[in-house]
There are 2 protein chains.
Amino acid sequence: MVIWFWCGVIITTMEFEKIADILKALADPTRLKILSLLRVRDCCVCELVPIFNISQPAISKHVSRLKTAELVRETRKGQWVFYSINEKRLEEIGYALFHLPDLSEDLRELEQQGLTVICE
Amino acid sequence: MVIWFWCGVIITTMEFEKIADILKALADPTRLKILSLLRVRDCCVCELVPIFNISQPAISKHVSRLKTAELVRETRKGQWVFYSINEKRLEEIGYALFHLPDLSEDLRELEQQGLTVICE
DNA sequence: TACATAAATAACAATATGGTTATATGGTTT
DNA sequence: AAACCATATAACCATATTGTTATTTATGTA
């Protein structure tokens, strides 16, 4: 497995499936707004609810999705569960976008199979 | 609208909806692999088909999705349509992830409404 | 213990996504 | 013109997503 060093963080190259899963967790306006709010400070679900026009279970499911993708972490404080952003994970996914795997080999194989389109 | 300069590219802050739309276009393993292939060189649909285990219309729809998100551009050459990656768009979305809007104001309003959870 | 509050889960509905096969469209070649 | 090839679109299906309301679980308090 190829290992890169970036922003002082050790990041291993991720599979397309895994990158796609994390991007899916990011690819929702509500979840992007939740992440933006968590960048200001840690929040609990009951604080997030009045900011959005959706129900408490909906918010709960959104943060759960972010937690599965390891984009946020949770800490229980009494009856509240506070969520915090995992900046490293965000860096990782940004890194993955800029450093997608080199698939030159796949195109070389295509050429060997005579499937390349030569067009001028 | 706030304007940032980054990597020499002028980028305007995007709305959550728009960022989410582009991330949705990215959030699929097939489309990520297509983008990785296009980073090596421009390809037409008939070259991409044998690399994946899905039908020609499926590939066609994937590149169409990428085109709508402006992540790729198309150029017709005779009977072929060649797709090329739009690196700037990829930079923009990476930028957007690292520079999500500052929502301090939303949390200040929450506090003014007495909805902040004080917890020690 | 009983009750209140926070958060998660269950069950469900509407819509989006990602694949299929069949067909239409655009351009090339005979 | 007719046949051919590349690509796009249409119609369809299975599954995923994102919301809802009702209920359960966990914790704190009277």
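**Close-up views of helix packing and the A–B interface**

H1(A) and H2(B) cross in a right-handed sense (right-handed means that the near helix is turned clockwise from the far one by less than a right angle, left-handed anticlockwise). This is a predicted model, in which local features need pLDDT of at least 70, side-chain atom pairs count only at pLDDT 80 or more, and totals for chains, interfaces and linings use all residues. Residues are numbered from 1 along each chain as its sequence is written, chains are lettered from A and ligands numbered from 1 in the order written, and side-chain values use heavy atoms, without hydrogens and water.

**View 1. Helix H1 of chain A against helix H2 of chain B.** Helices are DSSP runs of H or I, at least four residues, numbered from the N terminus. Axes are lines fitted to C-alpha atoms over the stretch in contact, and angles run from 0 to 180 degrees between N-to-C directions. A:Phe16, A:Glu17, A:Ile19, A:Ala20 and A:Leu23 meet B:Pro29, B:Leu32, B:Lys33 and B:Ser36; contact means heavy atoms within 4.5 Å.

**View 2. Helix H2 of chain A against helix H6 of chain B.** H2(A) (residues 29–40) packs on H6(B) (residues 104–112) at about 75°, with the axes 9 Å apart. H2(A) is therefore roughly perpendicular to H6(B) (65 to 115 degrees; under 35 is roughly parallel, over 145 roughly antiparallel, the rest oblique). A:Lys33, A:Leu37 and A:Val40 touch B:Ser104, B:Asp106 and B:Leu107.

**View 3. Helices H1 and H5 within chain B.** H1(B) (residues 16–26) and H5(B) (residues 87–98) have axes that come within 11 Å and cross at roughly 120°. H1(B) is therefore oblique to H5(B). The crossing is left-handed. H1(B) contributes B:Lys18, B:Ile19, B:Ile22, B:Leu23 and B:Leu26, and H5(B) contributes B:Arg89, B:Leu90, B:Ile93, B:Ala96 and B:Leu97.

**View 4. The interface of chains A and B.** Contacts join 46 residues of chain A to 46 residues of chain B. The buried area is about 4100 Å², with 78% from carbon and sulfur atoms (accessible area, 1.4 Å probe, that two parts lose on being put together, summed over both). In chain A, A:Phe98, A:Leu107 and A:Val117 lose the most area to chain B, together 15% of what that side buries. The chains share 2 salt bridges (a side-chain nitrogen of Lys or Arg within 4 Å of a carboxyl oxygen of Asp or Glu). B:Lys33 and A:Asp106 meet in a salt bridge at 3.7 Å, N to O.

Note on methods. Helix = DSSP H or I, 4+ residues; strand = E, 2+ residues; numbered from the N terminus.
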